[in-house]
2 protein chains.
Amino acid sequence: MDGPLSDLPTSLASPAAPPLDSAAREAIELMFFAYRDFTDVADRILEDHDLGRAHHRALYFIGTNGGITVGHLLEILNITKQSLARVLRRLIDSGLVTQRVGASDRRQRLLLVSAQGQTLLDELIEAQRVLLVRAFEHADPASLSGFRQVMLSIMTEEDRQRFEPLLPPESTKTTRAA
Amino acid sequence: MDGPLSDLPTSLASPAAPPLDSAAREAIELMFFAYRDFTDVADRILEDHDLGRAHHRALYFIGTNGGITVGHLLEILNITKQSLARVLRRLIDSGLVTQRVGASDRRQRLLLVSAQGQTLLDELIEAQRVLLVRAFEHADPASLSGFRQVMLSIMTEEDRQRFEPLLPPESTKTTRAA
DNA sequence: GATTTATGTCAACAGTCCTGACATATCTTC
DNA sequence: GAAGATATGTCAGGACTGTTGACATAAATC
């Protein structure tokens, strides 16, 4: 009495589905569970500071892009300025992030992580790094680059470009060697 | 004027950080962007039906576990029953999910995806499958298994077990071959 | 000086998750 | 069969995060 719906032919929406079907299904679940558990370790730390995931993301990208402008941060996060404003307000009020007037353009607010903010950020990164190091230890270097390739390919071209300075100048784009 | 904070020694929170540091940082970002873009393609479809991500997740796991009980679904999703109730109500009211009284235990509500729900679910899976197929085409089979290994290793042991029937009976646990 | 740009702010609404407290049927056990 | 445990539901209220729409200000640019 369980599972009569799961093996119906994939006829309606996917016309003649390629064989990758079950692999894709598994990957969908891998994404779900891995991402959930990955964010969970950070969420637990954030709880102690009464911060949410949005604060984490903002803090992270400010930390790795010291002096970033609000506009650029908005581009990375892809949320509205009103959403970001709420989050930034909190980070600034609690002293985790500071701001400085732009040197060349005084309209800009350059965002910086404070010493206190860096301590929290280090803690957050460390928590996730532990998971990743463990994951990388279980996988050989080839697997690691496979992971990287797949993740990059899943992304939007726009997001993929954020990583390109790190990519070897090979083609991961249209050249399918066939 | 950009980046004075990003290269400070990792002295505060991570005692003597291994060399994997920059790889870990990159992986953190890979997770963020890949997951975001991966869910985005589904979110766009869901918008047309005025449904959210929570509805997607519930629909998905009901679809791949036809006749699942509310309790089991709660275990998978790891949310409270009040949260799930709201989501299920909507799915049932809109005819995407149906329920049936448990055969052996009449307290149970067995959840099933309706034909209409299956159509939507197929559409959602197809959208993400397209991304994955493209990603898998760009990566050789070894890379694919590397992706899989890393994602599995990131997870909680508990979640990893959900995949174990599919895993070869090797040890990905404590055996580090050293 | 007029326009555009970078940023902020007020207000309202929606989705998702949480906690706490009760209620109801239905098993299970003594 | 009565008592307790279990599966599920529901009401109430609160928090975080994201959205839209409208308006405000300062600084850059033309």
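## Reading the model

Because the model is predicted, local features need pLDDT of at least 70 and side-chain atom pairs count only at pLDDT 80 or more, while totals for chains, interfaces and linings use all residues. Residues are numbered from 1 along each chain as its sequence is written, and chains are lettered from A and ligands numbered from 1 in the order in which they are written.

## Chain A in outline

Let us start with the parts list. Chain A contains seven helices and three strands. Helices (H or I, at least four residues) and strands (E, at least two) are DSSP runs, numbered from the N terminus. Read from that end, the order in chain A is α-α-β-α-α-β-β-α-α-α.

Chain A has 178 residues, and 32% of them count as buried. A residue is buried if 20 or more other C-beta atoms lie within 10 Å of its own, exposed if 12 or fewer, and partly exposed in between, with C-beta atoms placed from the backbone. Two residues are in contact if their C-beta atoms, again placed from the backbone, lie within 7 Å. Among the contacts in chain A with a separation of 6 or more, 48% link residues 24 or more positions apart.

A nonpolar core is a set of buried Ala, Val, Leu, Ile, Met, Phe, Trp, Tyr and Cys residues joined through C-beta atoms within 7 Å. The largest one here has 84 residues. Those with the most contacts inside this core are A:Met31, A:Ala34 and A:Leu59, along with B:Met31, B:Ala34 and B:Leu59. Leaving aside residues up to four places away in sequence, A:Ala34 touches B:Met151, B:Ile154 and B:Met155.

## Helices that cross

Two packed helices are described by the angle between their axes and the distance between the axes. Axes are lines fitted to C-alpha atoms, for helices over the stretch in contact, and angles run from 0 to 180 degrees between N-to-C directions. Angles under 35 degrees count as roughly parallel, over 145 as roughly antiparallel, 65 to 115 as roughly perpendicular and the rest as oblique.

Within chain B, the axes of H2(B) and H4(B) come within 10 Å and cross at roughly 75°, which means that H2(B) is roughly perpendicular to H4(B). In this contact, B:Ala54, B:His55, B:Ala58 and B:Leu59 of H2(B) meet B:Leu84, B:Val87, B:Leu88, B:Arg90 and B:Leu91 of H4(B). By class, seven of these residues are nonpolar, one is polar and one is charged. Here Ala, Val, Leu, Ile, Met, Phe, Trp, Tyr, Cys and Pro count as nonpolar, Asp, Glu, Lys and Arg as charged, and the others, Gly among them, as polar.

Another crossing joins the two chains: helix H5 (residues 115-138) of chain A packs with H1(B) at about 100°, with the axes 9 Å apart. H5(A) is therefore roughly perpendicular to H1(B). From H5(A) come A:Ile125, A:Gln128, A:Arg129, A:Leu132 and A:Val133, and from H1(B) come B:Ala24, B:Ala27 and B:Ile28. This contact has six nonpolar, one polar and one charged residues.

At least two residues each come from H2 (53-63) and H4 of chain A and from H3 (70-77) and H4 of chain B. The largest share, four residues, belongs to H4(A). By class, the surface near DNA strand D has five nonpolar, nine polar and nine charged residues.

## Some single residues

A:Asp50 sits in the loop between helix H1 (21-48) and H2 of chain A. A:Asp50 has a positive phi of about 55° although it is not a glycine, and it counts as exposed because it has 9 C-beta neighbours inside 10 Å. In chain B, B:Asp50 lies in the loop between helix H1 (21-48) and H2, with a positive phi near 55°.

B:Thr64 is in the loop between H2 and strand E1 (68-69) of chain B. With 18 other C-beta atoms within 10 Å, B:Thr64 is partly exposed.
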